[in-house]
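Here's a friendly walk through a protein model. Have a look at the picture before reading on.

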Amino acid sequence: MATSEVQTVNSSADKAKLAAAVLLLVAGFVGYYLLAGQGSLVRVGVLLGAIVAAIVAFAVSEPGRQLIAFARDSWRETKKVVWPARKEAMQMTAYVFAFVFVMALFLWLTDKTLEWVLFDLVLGWRN
């Protein structure tokens, strides 16, 4: 169930977990650049390890659990969508393109008519 309320992080444990996640991310990037003398495999391993640890730290916090629950609910709702058949999708796309073409033609004709009326008839700037 979705609510319109914005929930804040109240627990000090959750704040600590979120801070740890941010610090792990920063440590991963700092470690990547500090290990410039090492092989790229070590550097990438340190970076990926820190990113995974930060994701785990975020996932065990309350905002992380809420995000995971939201993703599950979204996936469940996406499965309930009745998608149009290919023929119907192609027809609707053709309608949209036709409407855009007609609207562009209308706007172009309106623009040119107003240009002719203002510049030629009213102001007389063109002969």
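What follows goes from the overall layout to a few charged pairs.

This is a predicted model, where local features need pLDDT of at least 70, side-chain atom pairs count only at pLDDT 80 or more, and totals for chains, interfaces and linings use all residues. Residues are numbered from 1 along each chain as its sequence is written, and side-chain values use heavy atoms, with hydrogens and water left out.

Let's start with the layout. The protein has four helices and zero strands (DSSP runs, H or I of at least four residues for helices, E of at least two for strands, numbered from the N terminus). Its radius of gyration is 29 Å, whereas a compact globule of 127 residues would have one near 14 Å (taken over C-alpha atoms; the globule rule is 2.2 Å times the number of residues to the power 0.38). Buried residues make up 9% of the 127 (buried is under 20% relative accessible area, exposed over 50%, partly exposed in between, with a 1.4 Å probe and protein chains only).

Now for the charges. Side chains of opposite charge can pair when their charged atoms come close. The protein has four salt bridges (a side-chain nitrogen of Lys or Arg within 4 Å of a carboxyl oxygen of Asp or Glu). In one of them, Arg65 meets Glu62, with the closest N and O atoms 2.9 Å apart; both lie in helix α3 (residues 62-80), three residues apart, about one turn of the helix. Asp73 and Arg76 also form a salt bridge, at 2.9 Å from N to O, and they too sit three residues apart in helix α3. Glu77 bridges to Lys80 at 3.3 Å; Glu77 is partly exposed at 47%, while Lys80 is exposed at 56%.
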